[in-house]
Amino acid sequence: MKRIFMTLALCISAGVLSATAQTNWQVTNTFHIGGEGGWDYVTIDAPQHRLFVTRATHTLAIDEDSGKVLGDIPGQVRSHGVALVPKLGRGFITDGGGSGAIIIFDLKTYAVLGRIPTMPDSDGIIYDRKLDKVIAVSGDGNALMTFSPDIDPKNGKIDPPIDLGGAPEFLASDGNGKVYVNLENKDLVAVVDLHSRKVIARWPVAPGGHPVGMAIDRAGHHLFIGCRNPHVLVVMNTDNGKVEASLPIGTGVDATQFADGHAFASCGDGTLIVASEKNGTWEVDQTVKTAAGARTMGLDRRTGQIFLPTAEMQPNGTGRPRPKPGTFMIVEVGRK
């Protein structure tokens with residue numbers, strides 16, 4: 001009997017330690033990069049251990065192990081996001097400046113291959129491998145844009161845009177023809193059927209508002225939506241738009257991610273929220289202190305490491321703090 005109790009105690013202890021380890025996320029490294037420009041979305045090239053970070057007028061390729069700058073892609077007015085298509089050796093950068101464009105570059109040499117005209121305020125962008133489509137949004141144009149990744153980089157044209165009826169921010173695809181788009185100014189998620197090229201539903205994000213970041217759990221049929229007003233992480237069912245949870249997060253969220261049962265929300269106040277589902281209920285597991293301004297992130301699903309760009313922030317009169325020139329950095333968060 002004594003052995004049985006000891007075995008049970010050891011099993012319980014091991015379970016507690018395992019659960020604790022699963023939520024013990026912390027900053028593991030900081031890469032000081034420097035250089036000019038702000039920052040926006042982060043895209044991970046996991047097989048090549050690279051980060052692509054847009055920096056307004058240019059985009060950096062950074063080694064995720066050392067922080068070394070591998071390449072600097074010029075020629076943007078106001079870059080936002082990057083989508084990668086490794087099978088073609090191509091990358092695509094949304095440029096929201098002027099009338100809008102997508103810059104096509106070579107993934108090996110970082111050379112610019114061409115510039116495709118799009119729509120003003122071209123912003124969030126993803127590549128859907130199953131559909132073999134690059135998908136992007138235009139904030140000012142209130143539209144979803146698509147094109148084939150083998151587009152002619154000199155003379156190619158995007159497909160006819162799809163009117164969303166609101167200003168989009170970021171998006172996610174289920175891989176079967178449905179694309180979910182945050183409409184920030186409408187407090188809605190627009191559901192687009194790419195086969196009919198129409199919006200087939202609009203789902204409220206209440207009790208959240210001003211949705212910006214979005215990630216998807218295709219297997220679990222969940223969207224993870226970062227909202228700025230109020231500051232919550234909304235968990236939404238991708239089948240019917242039902243809001244299954246609303247979790248408190250920090251201020252200034254700009255990105256969400258999902259991997260291995262964990263949802264993440266990166267916030268400009270220097271917090272990273274980690275949440276998971278337990279017995280059918282979503283809960284916040286941990287709030288990781290990162291760095292002020294670290295509002296976007298990329299997640300390497302092979303290693304579980306998270307990379308958040310930011311810089312040293314300094315007062316800006318009565319307005320928002322601004323980055324100190326030359327202090328751009330990447331904060332790395334991992335699990336220990």
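1. Basis of the note. The model is predicted, so local features need pLDDT of at least 70 and side-chain atom pairs count only at pLDDT 80 or more, whereas totals for chains, interfaces and linings use all residues. Residues are numbered from 1 along each chain as its sequence is written, and side-chain values use heavy atoms, with hydrogens and water left out.

2. Helices (H or I, at least four residues) and strands (E, at least two) are DSSP runs, numbered from the N terminus, and two strands pair if DSSP finds at least two bridges between them. Strand 18 covers residues 211–217, and strand 18 pairs with strand 19 in the antiparallel sense over six bridges. Within this pairing, Met214 stands opposite Ile225, and Ile216 has Leu223 as its bridge partner. The two strands form a hairpin with four residues between them, and in that turn His221 has a positive phi of about 60°.

3. Strands 19 and 20. Strand 19 is also joined to strand 20 (residues 231–237), and these two run antiparallel with seven bridges between them. The bridge partner of His222 in strand 20 is Asn237, and a hairpin connects strand 19 to strand 20 through two residues.

4. Burial of the strands. Buried means under 20% relative accessible area, exposed means over 50%, and partly exposed lies in between, with a 1.4 Å probe and protein chains only. Seven of the seven residues of strand 18 are buried, so strand 18 is largely enclosed by the rest of the structure. For strand 19 (residues 222–228), six of the seven residues are buried, so strand 19 too is largely enclosed by the rest of the structure.

5. Asp217. Leaving aside residues up to four places away in sequence, Asp217 touches His222, Phe224 and Phe258, with contact meaning heavy atoms within 4.5 Å.

6. Cysteines. A disulfide is counted here as a pair of cysteine sulfur atoms within 2.5 Å, and by this rule the count comes to zero disulfides. Cys227 is in no disulfide, and the nearest cysteine sulfur, that of Cys267, is 11 Å away. Cys267 is likewise in no disulfide, its nearest cysteine sulfur being that of Cys227. Cys227 is buried, with a relative accessible area of 0%, and Cys267 is buried, also with a relative accessible area of 0%.

7. Salt bridges. The structure holds eight salt bridges, each being a side-chain nitrogen of Lys or Arg within 4 Å of a carboxyl oxygen of Asp or Glu. One of them joins Asp45 and Arg50 (2.6 Å, N to O); Asp45 is buried at a relative accessible area of 6%, and Arg50 counts as buried at 8% relative accessibility. Arg228, Asp254 and Arg295 are linked in a network of salt bridges.

8. Salt bridges between separated parts of the chain. The side chains of Asp132 and Lys87 meet in a salt bridge (3.2 Å, N to O). This pair links distant parts of the chain, 45 residues apart, with Asp132 in the loop between strand 10 (122–128) and strand 11 (133–138) and Lys87 in the loop between strand 6 (79–85) and strand 7 (90–95). Asp132 counts as partly exposed at 25% relative accessibility, whereas Lys87 counts as exposed at 60%. Lys133 forms a salt bridge with Asp159, the closest N and O atoms being 3.0 Å apart. Lys133 lies in strand 11 and Asp159 in the loop between strand 12 (143–147) and strand 13 (162–163), so the pair ties together parts that are 26 residues apart in sequence. Lys133 counts as partly exposed, at 24% relative accessibility.
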